[in-house]
Amino acid sequence: MGSSTWLRRFFQASSTSPVARKRRPQLTNAAKVRLLLQPLEDRVTPAIASLSSGVLTINFASTGTSVEVVTATNDGTNIVLTGDVTGSTSIPVATVTAIAATDSGGSTAQTLFFAGSQAYLLTGGLSSVGIDTVTFGNGLAATGGASIAVSAGVISLPNPASDLSTTGTGTITLSAKNGITLGSGASLTASNQTIALNADNDGDGTGMLNVVSTGTLASGSGTISISAGDVDLNGTISTTGSVTFAPSQAGRPINLGTNAAGALGLTDAELDRITAGTIEIGSTTSGTITVSATITSTNKRSDSGFSR
Ligand SMILES: [Ca+2]
Ligand SMILES: [Ca+2]
């Protein structure tokens, strides 16, 4: 058989046995746009956990508005990280001296949740910066000279196990864009050191310090400073030092006696829940102070008055 004859037969055979071709599903224009945008704007990149010199670093890496959730669980034996996280995700408790949460990705929907059956005990303390929601479902104590410092969108201590404390010379600093909540039985305790709370660190007036009736703040002789859009104080605050209240927003008024909209309001009942050496209300940038009801002194040892 000559080559031309062979080729002719080959093509004849080919044309009589069609190849089955799958058609790709047609995308709508909207779906095409989503496909283009997703890699750029909704990239869920797992946080990276690493241990170095006893410091457990959890570096949140997601960008844009993608949700990134990491749960740290202390079961008494290990600290186990679950959720959107990779790397050193199970570490013996005794080898972790400090926890540092960082945000290299910049997503605005990151959550760090502390859980477990045993409270975290950290000789190097805790720092968290940029994680948008930080929730202490489990307690954490910083010992020695270690401090607890959290800067977040929202910070909550939801339950009786949520106690945060420093037992040595460290301080507690909680700073949130939109609120700090001490829920049922939760406490902040510092041993003669400062507790500094800012419930509205972007200064837009939205951000309340909310302390339920069984929540407590106690600092021995340390200062307790509170900056917020408003304060809802149903639990107790105690120190032999000073307690200061300042509106977070420049020019925001203060109302003593009434919880009025648009103001930092402290009622007589709320002020009676404070036991302190001195109570200072107002700052150099706060607005008008209005006394709208009778304020009686129950637990205050002395009032320094309205320092402005
Ligand atoms: Ca963030
Ligand atoms: Ca705010």
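Residues are numbered from 1 along each chain as its sequence is written, and chains are lettered from A and ligands numbered from 1 in the order in which they are written.

The predictor's confidence in each residue is called pLDDT and runs from 0 to 100. The protein chain averages 89, and 82% of the residues score at least 70. A contact means two C-beta atoms, placed from the backbone, within 7 Å. Where pLDDT is low, the predicted coordinates should not be read in detail.

**The overall make-up**

How many helices and strands does the protein chain have? There are three helices and 30 strands, taken as DSSP runs numbered from the N terminus (helices are H or I with at least four residues, strands are E with at least two). Of the contacts with a separation of 6 or more, 57% are between residues 24 or more positions apart.

Of the 308 residues in the protein chain, 37% are buried. Here a residue is buried with 20 or more other C-beta atoms within 10 Å of its own, exposed with 12 or fewer, and partly exposed in between, with C-beta atoms placed from the backbone.

**The sheets**

Strands of a sheet pair through backbone hydrogen bonds, either parallel or antiparallel. Two strands are said to pair if DSSP finds at least two bridges between them.

One open sheet has 11 strands with mixed pairing, in the order E5-E1-E2-E7-E10-E13-E16-E19-E22-E25-E29. At its edges stand E5 (85–87) and E29 (278–281); each has a single partner strand, so one side of each is left without a neighbour in the sheet. Neighbouring strands of this sheet are turned by 10° against each other on average, direction ignored. Those angles come from axes, which are lines fitted to C-alpha atoms (for helices over the stretch in contact), with angles running from 0 to 180 degrees between N-to-C directions.

Another open sheet has seven strands with parallel pairing, in the order E9-E12-E15-E18-E21-E24-E28. Its edge strands are E9 (120–122) and E28, each with a single partner strand, so one side of each lacks a neighbour in the sheet.

| Strands | Bridges | Facing residues |
|---|---|---|
| E7 (98–103) and E10 (125–129) | four | alanine 100 and serine 127 |
| E10 and E13 (148–152) | four | valine 129 and serine 151 |
| E19 (195–198) and E22 (224–228) | four | alanine 196 and serine 225 |
| E11 (133–136) and E14 (154–157) | three | valine 134 and isoleucine 155 |
| E14 and E17 (180–182) | three | isoleucine 155 and isoleucine 180 |
| E18 and E21 (216–218) | three | threonine 189 and alanine 218 |

**The core**

A nonpolar core is a set of buried Ala, Val, Leu, Ile, Met, Phe, Trp, Tyr and Cys residues joined through C-beta atoms within 7 Å. The largest one has 65 residues, and Ile58, Leu140, Leu209 and Val231 have the most contacts inside it. What does leucine 209 touch? Leaving out residues up to four places away in sequence, its contacts are Ile180, Leu197, Ala199, Ile226, Ala228 and Val231.

**A few loop residues**

Serine 53 sits in the loop between E1 (47–52) and E2 (55–60). Its phi is near 50°, a positive value in a residue other than glycine. Is serine 53 buried or exposed? Serine 53 counts as exposed because it has 7 C-beta neighbours inside 10 Å.

Asparagine 192, in the loop between E18 (187–190) and E19, also isn't a glycine, yet has a positive phi of about 60°. With 14 C-beta neighbours inside 10 Å, asparagine 192 counts as partly exposed.

Finally, glycine 277 lies in the loop between E28 (274–275) and E29. Glycine 277 is partly exposed, with 15 other C-beta atoms within 10 Å.

Key
Predicted model: local features only at pLDDT ≥ 70, side-chain atom pairs only at ≥ 80, totals over all residues.
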